[in-house]
Amino acid sequence: MTLRGETRSSDRGVAAVAPDPMLPRPFRLQGLRRDTEDTVTLWLDPVDGEPLAFAAGQFTMLQAFGVGEVPISISGDPGAPHLLQHTIRDVGGVTATLVRAQVGDVLGVRGPYGVGWGVRDGAGGDVVVVAGGIGLAPLRPALLDLLAGADQYGRVVLVYGARSPADLLFPTELEAWADRSDLEVAVTVDSAPAGYRGRVGLVTEPLARAGLDPDRTLALVCGPEVMMRHVAEDLVRRGVPPARVRLSLERNMRCGVGLCGHCQLRELFLCVDGPVVGLDRVAPLITVREL
Ligand SMILES: Cc1cc2nc3c(=O)[nH]c(=O)nc-3n(C[C@H](O)[C@H](O)[C@H](O)COP(=O)(O)OP(=O)(O)OC[C@H]3O[C@@H](n4cnc5c(N)ncnc54)[C@H](O)[C@@H]3O)c2cc1C
Ligand code: FES
């Protein structure tokens, strides 16, 4: 028997066990940061004092009381779960309310849910992290995990692309990462104003130049589906086995715990079988928006 607050932990997922999986826990907004014009990072403190242990790649169902609930990946450090960190882009009804939350407000949290990146499967080899836009948020915990255990990996490579320099998430952290000897960082933007000194182009360009050894590479990919498809095709063409190419797939979710079927992609319920899935399981499906 498990009691409220007990967790089962592994690299692929931390299963929070509560008597009623639909009952949110209250978290108080302790701090926030505006990242870009439409994206905000929130730091949330559990009102009951119980930290939310999680694995990199997991998400919560985050609720603005009286407005609604949406799945949001955890963007914090799995090694420091005392504050729950979420990075949220304002795209509609619920996210518009969440990004306007004020310090002291209370939000509801269910989870953590889903299957994470399984970062440690890359131990003994190289890991390439490919992020597009807000896709860096779900991948940040994986990067922090990789850096915390850097001696277990060969090369760790981050390739990050955004629409414009103003859309780059975590610019201060990106600079600090670029200075590290245990992480190779390539940042690129689709377009930039005149005078921009960084790289302009698609993520597939620096990825091609990274010179990865396909036999020892684990790839973690998150971004717009069109970008993930191109990156996945590219990696497979270079010889990375599809099972070693992991994607985070976002579908509309309602319950988050495998009950309602809203997130179904053929035989997969992405809230429990994902959001992180191997390309070997989804290659024929990722061109379809809703099945
Ligand atoms: C596992 C998972 C993790 C996620 N992590 C993050 C995260 O870390 N940060 C973040 O900002 N967002 C994340 N999302 C997306 C987020 O859940 C949606 O943006 C949100 O549900 C939109 O709700 P809304 O009420 O604000 O917008 P709505 O008014 O419901 O929708 C606005 C627009 O967004 C589209 N939309 C709605 N839900 C999704 C979805 N799940 N994926 C893609 N488009 C959608 C709608 O079709 C519509 O065009 C994640 C989604 C999933 C499934
Ligand atoms: S969101 Fe309900 S089954 Fe996945």
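Two strands pair if DSSP finds at least two bridges between them, and helices (H or I, at least four residues) and strands (E, at least two) are DSSP runs, numbered from the N terminus. With that in hand, welcome to a predicted model in which 6 bridges join strand β4 (residues 39–46) to β7, the two running antiparallel. Residues are numbered from 1 along each chain as its sequence is written, and chains are lettered from A and ligands numbered from 1 in the order in which they are written. Because this is a predicted model, local features need pLDDT of at least 70 and side-chain atom pairs count only at pLDDT 80 or more, while totals for chains, interfaces and linings use all residues; side-chain values use heavy atoms, with hydrogens and water left out.

**Confidence**

- The average pLDDT (the predictor's confidence in each residue, from 0 to 100) is 92 for the protein, and 91% of the residues score at least 70.
- Residues 1–8 stay under 50 in pLDDT, and the model gives them 20 contacts beyond four places in sequence; contact means heavy atoms within 4.5 Å.

**The antiparallel sheet**

- An open sheet is formed by 6 strands in the order β6-β5-β8-β3-β4-β7, with antiparallel pairing.
- Its edge strands are β6 (68–73) and β7 (84–89), each of which pairs on one side only.
- From one strand to the next, the twist averages 40 degrees. Axes are lines fitted to C-alpha atoms, for helices over the stretch in contact, and angles run from 0 to 180 degrees between N-to-C directions.

**The mixed sheet**

- Another open sheet has 7 strands in the order β12-β11-β10-β9-β13-β14-β17, and its pairing is mixed.
- β12 and β17 (276–278) are at the edges with a single partner strand each, so one side of each has no neighbour in the sheet.
- Helix α5 (residues 225–237) packs on this sheet and touches β9, β13 and β14 (245–248), its direction making about 165 degrees with that of β13.
- Helix α2 lies across β9 (126–132), β10 and β13 (217–222), and runs at about 160 degrees to β9.

**Around β11**

- Strand β10 (residues 156–162) runs parallel to β11, joined by 6 bridges, and glycine 161 stands opposite threonine 188 in β11.
- On the β12 side, 2 bridges join β11 to β12, again in parallel.
- There, threonine 188 stands opposite arginine 199 in β12, and valine 189 opposite valine 200.
- β10, α3 and β11 make a right-handed β-α-β unit: with the strands pointing away from the viewer, the path from the first strand over the helix to the second runs clockwise.

**Residues to look at**

- Arginine 140 sits in helix α2 (residues 136–148) and is buried, at 11% relative accessible area. Buried means under 20% relative accessible area, exposed over 50%, and partly exposed in between (1.4 Å probe, protein chains only).
- Beyond four places in sequence, arginine 140 has contacts that include Ser75, Asp77, Glu173 and Trp177.
- Arginine 180 is in the loop between α3 (171–178) and β11 and is partly exposed at 34% relative accessibility.
- Glycine 198 lies in the loop between β11 (184–189) and β12 (199–200), and is partly exposed at 35%.
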